[in-house]
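Here's a quick briefing to read alongside the model.

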Amino acid sequence: MDGVKPVASAEQGGAVEARFTEFCKNGLQLDESTFAQAMKLFEESNHLLSTTSLSAIGNGPEDSERYWFAFILYSVKRLSEGTAENVQQGNDENGFNLCQILRVSKLNIVDFFKELPQFIVKVGPILGNLYGPDWEKRLEAKELQANFVHLSILSKYYKRAYLEFFSTSGSNLDKQSSVISASGYVSDYHRFGWLLFLALRVHAFSRFKDLVTCTNGLVSILAILILHVPISFRSFTINNYPRFVKKGNKGMDLLASLCDIYETSEDEVRKTMEQTNKVIVDILKKKPCLASECKSENLASIDPDGLVYFEDLMDESSLSSSINILEKDYDAAIRNKGELDERVFINGEDSLLGSGSLSGGAMSISGAKRKIDSLASPAKTITSPLSPNRSPGILGGANSKMAPTPVTTAMTTAKWLRTVISPLPSKPSAELERFLTSCDKDVTSDVIRRANVILEAIFPSIAFGERCVTGSASLMDSIWAQQRRMEAMKLYYRVLEAMCTAEAQVLHANNLTSLLTNERFHRCMLACSAELVLATHKTVTMLFPAVLERTGITAFDLSKVIESFIRHEESLPRELRRHLNSLEERLLESMVWEKGSSMYNSLIVARAALSAEVNRLGLLAEPMPSLDAISMHINASCGGLPPVPSLQKRESSPGQNGDIRSPKRVCPDYRSVLVERNSFTSPVKDRFLALNNLKSKLPPPPLQSAFASPTRPNPGREGETCAETGINIFFSKIIKLAAVRINGMVERLQLSQQMRENVYCLFQQILNRRTSLFFNRHIDQIILCCFYGLAKISQMNLTFREIIHNYRKQPQCKPQIFRSVFVDWSSARRNGKTGKEHVDIITFYNEIFIPAVKPLLMEIGPGGGTTTKTNRVPEVNNNNDAQCPESPKISPFPSLPDMSPKKVSAAHNVYVSPLRSSKMDALISHSSKSYYACVGESTHAYQSPSKDLTAINNRLNSTRKLRGALNFDDVEGLVSDSLVAKSLYLQNGSCASSSGAPLKLEQPDT
């Protein structure tokens, strides 16, 4: 089999098994029961370790083996929790967690999470057989990764705050650096605060350990420390500290001042403070007293109202024992869960966190930070081509002039929810109710009921399938869920009203029955609102696509409303706009192509020739679960509510008339205002002005047609069904996204513009004529194969290794994209193979891509269409993916927006980025305005950026008459490339191949 190395000999296999036994028994000291489970999974999956895609994990065979051992032990630990054989008395003493696994395997957390998805894809079927169909939910790999990212952020946030208020050794401020020194020293007070924070997370926050709630918790911890740490350790004085601005007759209001500094909700912090005091009482057994009744120098100049003080909490005599109690409490909480030991962030274990890689060479601290950042929100790391140009400047604050951090960004966005959305009514406004009552029948009660049911499913008061918790944690969970439901509901009503108002203005009528009775539309709007609330709070336990699963909609459904949602909520913060646009990228690049996507229900209508392949692979979406079914399931559950998608099979068969059958709904016969703000097209359309692969002279379809029956005629486009319109516009969005990705790879590989045109043209041809190649795959997998195929046929000296090497530097890159490509051998009819599996991208290229695409390559490559007929391979003679008569025509490469930073010199490493608005304000102030001309802020009205540059040149070079853009290649004294090569991507020179270019690879070269 291509791409698979020979299976190791029996002797080698025995050696690997011996090393695994040593790893388990001597390294982790597993009990016999756990070791037996680990050995069973090892034996079931050992054959996969020899495959090329998995041997590529790490930096060699030894690395791959250590990763594999760690993955097995982590899986066994997580998936055996709660099983009959695991609930034994002896297991408490033999518990181990993820950090212990990584120490023994000499791996760091960042690298572990980076490689884990590859293991999950390959071993998923085996885990399903051993541990049941819900193994992925119980493994909680994504949640654990998000938790690690949050804790990394919060620990830095806490450390900076602690150093701002306290020294480490009395009044000697010079020793503060020891907190972050190489020795890893942390003062006892610093450690106490972090351990108290972890106890708060365990006992009070329970399920919803979101970033905003945890930040409130840290602010309450800071208040505890300020009240109780001896004043000799303070690096501030109450009366002279400029950031304590909340002062009254009784002194400084501590909580109000801290909330002002860190932009948190004072009400929420006061509630969290109560929980923190309760943890101190319950765990440390300290007696509380009202601060107003206590006499302590720590309380001087502080307003005591509402504060609680513990007499001996930070006394030198009791501090050590308190730390030990907190350590033991945390040990007991995580012992049998296999989770991350969150004390690692104050223990100075840089090698475990990723500041130094033990898995293959040293890694700089900055490199580790980049890796941690890459695990964070996509909005932070992906420059989305779908991002809108403008963003509201609504949220200032104390930190507005400081560089934003993930925590300050989250708190600023939460402030928007708190100040803009929370004050809104929790029911339809009078204006919205006017639209609801103006329909053919009053739908107000239906809209309200639907909102309550769906949001209860998204934010349940009791966890899905989790054991019920009691006490303060359960109460906080219930309160948290109720608050988030209210925020999502208010946002939903607000945006729905804006949409209805805009619609009515164009139609000159208030009867919006077609829109307001569409079940799937409302669920998409509710899901979008809930996702924004979850993204604001950065919730670990409900990561996307949780909202899709719990509302019964698909990725394709949600993609239809994202742009309309953004456009109709003017106040939406930039971070949330970025989040929605990054979600749209995720939907387009892979999720819409996954099994169960409603896109396939439209595709078999728009492209009837594909219906056989779609049905054979079982790709069609299940019917959407009814609202009554979801409501009944919520009411009947008590902590054991299964995922909502399981309800889908209980719905009646498609074809019946009604709102649930939104793909089968009758297409409306009037145009909507949303024709002008088309839900199908993303905001990227305004930035890709040259992209005209649609019928640009015809108006886009109304929003209602996006959810109408695929077979119904589209009144806005004669002779076209709603499915054809929808698929054509969906394809146009795919092509736009592909254009950005192709352009990025062309720049990294330093390829010609002709090569860019060819890759873009081939991608469009494949999308229109070989559509099935995208089924169950990622669009980047097709793009990478297009690059290599055209390089070979053009006789370019470009290897797949170089392509993958440069692709790794792209912001959207994930290793599983090129290591794990879906293949259905039964349809490929290659070498007698059968079944479905995931292979490396080179195997996919050789076995699937080339047989299907070779004729298209010949049409584009040297010789053009003259070789097309003679070079067709048998597999594609009678293909059913021929271009649909109404499919988009092949278009030239679009005019892309300038991506930042953009290289402007071929000879030097000179890059240009748009000027930040904050910097621009300083440059164009009255004192300096005459000295600068900023691109984007024209020197004259209605002037182009190129003329701006000319004006700048003329100002700076008054003795020279320069009539063009700046020529960076003629500038002397630039920093040499050699000095910055390590911080910029490598550039590949072009050289001709010395021989012909076969289309197939003889051996993998990744």
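C214 is a buried residue, at 1% relative accessible area (buried means under 20%, exposed over 50%, partly exposed in between, with a 1.4 Å probe and protein chains only). What you're looking at is a predicted model, where local features need pLDDT of at least 70 and side-chain atom pairs count only at pLDDT 80 or more, while totals for chains, interfaces and linings use all residues. Residues are numbered from 1 along each chain as its sequence is written, and side-chain values use heavy atoms, with hydrogens and water left out.

**Cysteines**

- How many disulfides are there? The count comes to one disulfide, taking a disulfide as a pair of cysteine sulfur atoms within 2.5 Å.
- The partners are C289 and C294, with their sulfur atoms 2.4 Å apart.
- C294 has 9% relative accessibility, so it goes down as buried.
- In general terms, a disulfide is a covalent bond between the sulfur atoms of two cysteines.

**Helix α10 and T215**

- T215 has its place in helix α10, which covers residues 211–228; helices here are DSSP runs (H or I, at least four residues), strands likewise (E, at least two), numbered from the N terminus.
- With a relative accessible area of 0%, T215 is buried.
- Which residues does T215 touch? Leaving out residues up to four places away in sequence, T215 touches L154, Y157, T264, V407 and M411 (contact means heavy atoms within 4.5 Å).
- Y157 is 58 residues from T215 in sequence, and their C-alpha atoms are 8.8 Å apart in space.

**Helix α11**

- Helix α11 (residues 254–262) is mostly covered, with eight of its nine residues buried.
- The buried set is L254, L255, A256, S257, L258, C259, I261 and Y262.
- The cover over those residues includes α8 (141–165), α10, β2 (251–252), α12 (266–284) and α17 (406–421).
- At the start of α11, D253 brings a side-chain oxygen to within 3.2 Å of the backbone nitrogen of A256. That's a polar contact: a pair of N or O atoms within 3.5 Å where, within protein, one must be able to donate a hydrogen and the other to accept it, and residues adjacent in sequence count only if both atoms are side-chain atoms.
- After α11 comes E263, with a positive phi near 55°.

**Helix α9 and L195**

- L195 is found in helix α9, residues 188–205.
- Is L195 buried or exposed? L195 is buried, since its relative accessible area is 1%.
- Not counting residues up to four places away in sequence, L195 touches I323, L326, E327 and R343.
- L326 is 131 residues from L195 along the chain, yet their C-alpha atoms are separated by 6.2 Å.

**Salt bridges**

- The structure holds 34 salt bridges, each being a side-chain nitrogen of Lys or Arg within 4 Å of a carboxyl oxygen of Asp or Glu.
- As a reminder, side chains of opposite charge can pair when their charged atoms come close.
- R819 and E115 meet through their side chains at 2.6 Å, N to O. R819 and E115 are both buried.
- D557 pairs with R520, the closest N and O atoms again being given as 2.6 Å apart. D557 belongs to helix α24 (residues 555–559) and R520 to helix α22 (residues 519–537), 37 residues apart. D557 and R520 are both buried.
- E585 has a salt bridge with R741, where the closest N and O atoms are 2.7 Å apart. E585 lies in helix α26 (residues 574–589) and R741 in helix α31 (residues 722–749), 156 residues apart. Both E585 and R741 are buried.
- A network of salt bridges links R191, E327, D331, D341 and R343. E327 and R343 are also among the residues that L195 touches.

- S626 sits in the loop between α28 (611–616) and α29 (627–636).
- S626 counts as buried because its relative accessibility is 16%.
- A polar atom of the S626 side chain lies 3.1 Å from the backbone nitrogen of A629.
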